[in-house]
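Please find below a note on the model under review. It is written as numbered points, to be read with the structure in view.

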Amino acid sequence: MDILRAHQVPATFLMLGSSLENPDTWALVDDIVADPLFDVGNHTWDHRDLADLDLATAEAEIEDTTDLLAEF
């Protein structure tokens, strides 16, 4: 992130919900969210292939991560 910032390069960081669940990642995510140069996106809960899941499970993969991202 330091190199991106030094060169004013915008970036989007796609987050897994399972990673966001870990308190050890919160400071990093807070840092990303606070920087207007960066965006955060949803990369599902645990990166399973959504095409292999039933609709309810696929929706949960996305919605659970969206809910967790909203806390940052």
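The points that follow go from the chain as a whole to one pair of aromatic residues.

1. The model is predicted. Its chain has 72 residues, of which 22% count as buried. Along the principal axes, the C-alpha atoms occupy a box of roughly 45 × 25 × 15 Å.

2. Four helices and two strands make up the secondary structure of the chain. Read from the N terminus, the order of the elements is α-β-α-α-β-α.

3. The accessible surface of the chain is about 4,800 Å², and carbon and sulfur atoms account for 56% of that surface.

4. Contacts in the chain may also be sorted by separation in sequence.

5. How many aromatic pairs does the count give? The count comes to one aromatic pair. The ring centres of Phe13 and Phe38 are 5.3 Å apart and the ring planes stand at 90°. Planes over 60 degrees apart count as edge-to-face, so Phe13 and Phe38 form an edge-to-face pair.

6. Where in the chain do Phe13 and Phe38 lie? Phe13 belongs to strand E1 (residues 11-15) and Phe38 to strand E2 (residues 38-42). The two residues are 25 apart, and their pair links distant parts of the chain.

7. Buried means under 20% relative accessible area. Phe38 has a relative accessible area of 4% and is therefore buried. Phe13, with a relative accessible area of 21%, is partly exposed.

Conventions. Residues are numbered from 1 along each chain as its sequence is written. This is a predicted model: local features need pLDDT of at least 70, side-chain atom pairs count only at pLDDT 80 or more; totals for chains, interfaces and linings use all residues. Side-chain values use heavy atoms; hydrogens and water are left out. Rings of Phe, Tyr and Trp (its six-membered ring) pair if their centres lie within 6.5 Å; planes under 30 degrees apart count as stacked, over 60 as edge-to-face and the rest as tilted. Buried means under 20% relative accessible area, exposed over 50%, partly exposed in between (1.4 Å probe, protein chains only). Accessible areas come from the Shrake-Rupley method with a 1.4 Å probe; for residues, only the protein chains shown count as cover.
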